[in-house]
Amino acid sequence: MTARLLKLLALAALLAVPPSGCRGLADLGAPDGRIRVVCTTGQVGDMLENIGGSHVDVRTLMGPGVDPHLYKAAPADIRLLKGAKVVFYNGLHLEGRLAEVLEKLAQRKPTYAVVEEIKNNAPERLRKAPQFPASYDPHIWFDVALWADCADYAARKLIEVDPLHAEDYRRNADAYIAKLRALDNESRALLAEIPRRQRVMITAHDAFAYFGRAYDVEVHGLQGISTADEADLGAINELVRLLVDRNVKAVFIETSVPSKNIRSLIQGCEATGHRLVLGGELYSDAMGPPGTPQGTYIGMIQYNVHQVVKALQ
Ligand SMILES: [Zn+2]
């Protein structure tokens with residue numbers, strides 16, 4: 001028997017329904033009658049909390065600073081997923097190492113990628129991943145208008161799962177989507193204040209391409225679309241030339257990605273006499289700690305926009 005087959009069998013056993021009379025710990029969740037919703041990333045979890053309000057108990061697998069590209073399910077995650085009434089995830093292979101688990105779950109309970117409808121009906125709104133033309137760039141939350149449409153889809157799916165609270169879910173979703181539309185406009189207006197030639201963002205990995213497209217910012221990532229890719233020396237040297245040419249003052253690091261490559265860039269610029277500073281830390285694939293403004297999706301976007309405006313203006 002191959003190791004892979006053994007792994008699959010173990011996974012199947014974990015996901016199997018327990019025999020009656022044997023209630024797993026996870027099944028005891030939400031005794032107050034709330035719907036147990038399990039989400040992968042903080043952004044998706046925040047979306048479902050806003051839509052579900054007091055009727056849902058949202059659990060998020062990936063906390064602050066966690067890299068979704070490399071995230072693997074721990075036994076505790078499998079238990080949480082098993083006890084969920086409905087599961088929401090980002091999709092487009094953002095959660096690359098959870099793909100097998102999510103596929104299996106989808107066969108036994110409502111399991112939705114929030115991007116699913118856009119991918120099926122309006123794929124032209126998605127970006128192709130430059131290094132992997134067969135797949136899409138998964139960092140869709142950085143185009144707030146796109147994310148608002150994902151929220152609308154998630155709301156309709158939650159209503160299918162729990163039609164009893166349809167009215168509340170619809171009302172919550174409409175209020176949240178209105179806030180997202182305002183955030184979209186506000187972000188565009190603030191970023192437009194940076195002179196176009198200086199409106200260049202260099203970040204640790206290619207998470208901000210949707211952000212660049214939505215808000216007219218030229219974006220370069222030092223690494224590919226996934227944090228599993230290593231930046232090569234050639235790419236670093238090319239970016240050093242661009243930064244010197246355009247007199248760009250700052251580069252950004254990301255909370256969920258090591259800053260090693262960004263530091264090589266700063267050293268490269270120094271060697272040519274161009275002073276480049278760290279424009280601060282941006283939230284890319286993970287949100288900030290719960291209870292802080294950056295611990296919400298809206299707060300995280302606002303924080304990033306302010307950091308970029310402050311550093312590049
Ligand atoms: Zn990423």
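These legends describe close-up views of a predicted model.

Local features are reported at pLDDT of at least 70 and side-chain atom pairs at pLDDT 80 or more, while totals for chains, interfaces and linings use all residues. Residues are numbered from 1 along each chain as its sequence is written.

**View 1. The protein chain as context for the close-ups.**
The protein chain holds 11 helices and 10 strands. Both are DSSP runs, numbered from the N terminus: helices are H or I with at least four residues, strands E with at least two. Of the 313 residues, 42% count as buried. Buried denotes 20 or more other C-beta atoms within 10 Å of a residue's own, exposed 12 or fewer, and partly exposed the range in between, with C-beta atoms placed from the backbone. Among contacts with a separation of 6 or more, 68% join residues 24 or more positions apart. Two residues are in contact if their C-beta atoms, placed from the backbone, lie within 7 Å.

At least three residues come from each of domain 1 (3-186) and domain 2 (188-312); the bounds are from an automatic or database domain assignment. Leaving aside residues up to four places away in sequence, Ala154 touches Met47, Leu48, Ile51, Phe88, Tyr112 and Val114.

**View 2. Helix α7 against helix α11.**
Helix α7 spans residues 166-191 and helix α11 residues 297-312. They pack at about 5 degrees, with axes 10 Å apart. The two helices are therefore roughly parallel to each other. From α7, the contact uses Lys179, Leu183, Ser187, Leu190 and Leu191; from α11, Ile298, Ile301, Val305, Val308 and Val309. Eight of these residues are nonpolar, one is polar and one is charged. Ala, Val, Leu, Ile, Met, Phe, Trp, Tyr, Cys and Pro count as nonpolar, Asp, Glu, Lys and Arg as charged, and the others, Gly among them, as polar. Axes are lines fitted to C-alpha atoms, for helices over the stretch in contact; angles run from 0 to 180 degrees between N-to-C directions.

**View 3. Leu183 in helix α7.**
Leu183 belongs to helix α7. Leu183 is buried, with 20 other C-beta atoms within 10 Å. Beyond residues up to four places away in sequence, Leu183 touches Val144, Ile298 and Ile301. Gly299 is 116 residues away in sequence, yet 9.7 Å away C-alpha to C-alpha.

**View 4. Helix α2 across helix α7.**
The axes of α2 (residues 42-52) and α7 come within 7 Å and cross at roughly 125 degrees. The pair is therefore oblique. Angles under 35 degrees count as roughly parallel, over 145 as roughly antiparallel, 65 to 115 as roughly perpendicular, and the rest as oblique. Asn50, Ile51 and Gly52 of α2 meet Tyr169, Asn172, Ala173 and Tyr176 of α7. This contact has four nonpolar, three polar and no charged residues.

**View 5. Met62 in the loop between β2 and α3.**
The loop joins β2 (56-60) and α3 (75-82). Met62 is buried, with 24 other C-beta atoms within 10 Å. Apart from residues up to four places away in sequence, Met62 touches Thr40, Thr41, Gly42, Pro68, Tyr71 and Ala286. The C-alpha atoms of Met62 and Thr41 are 5.2 Å apart, across 21 residues of chain.
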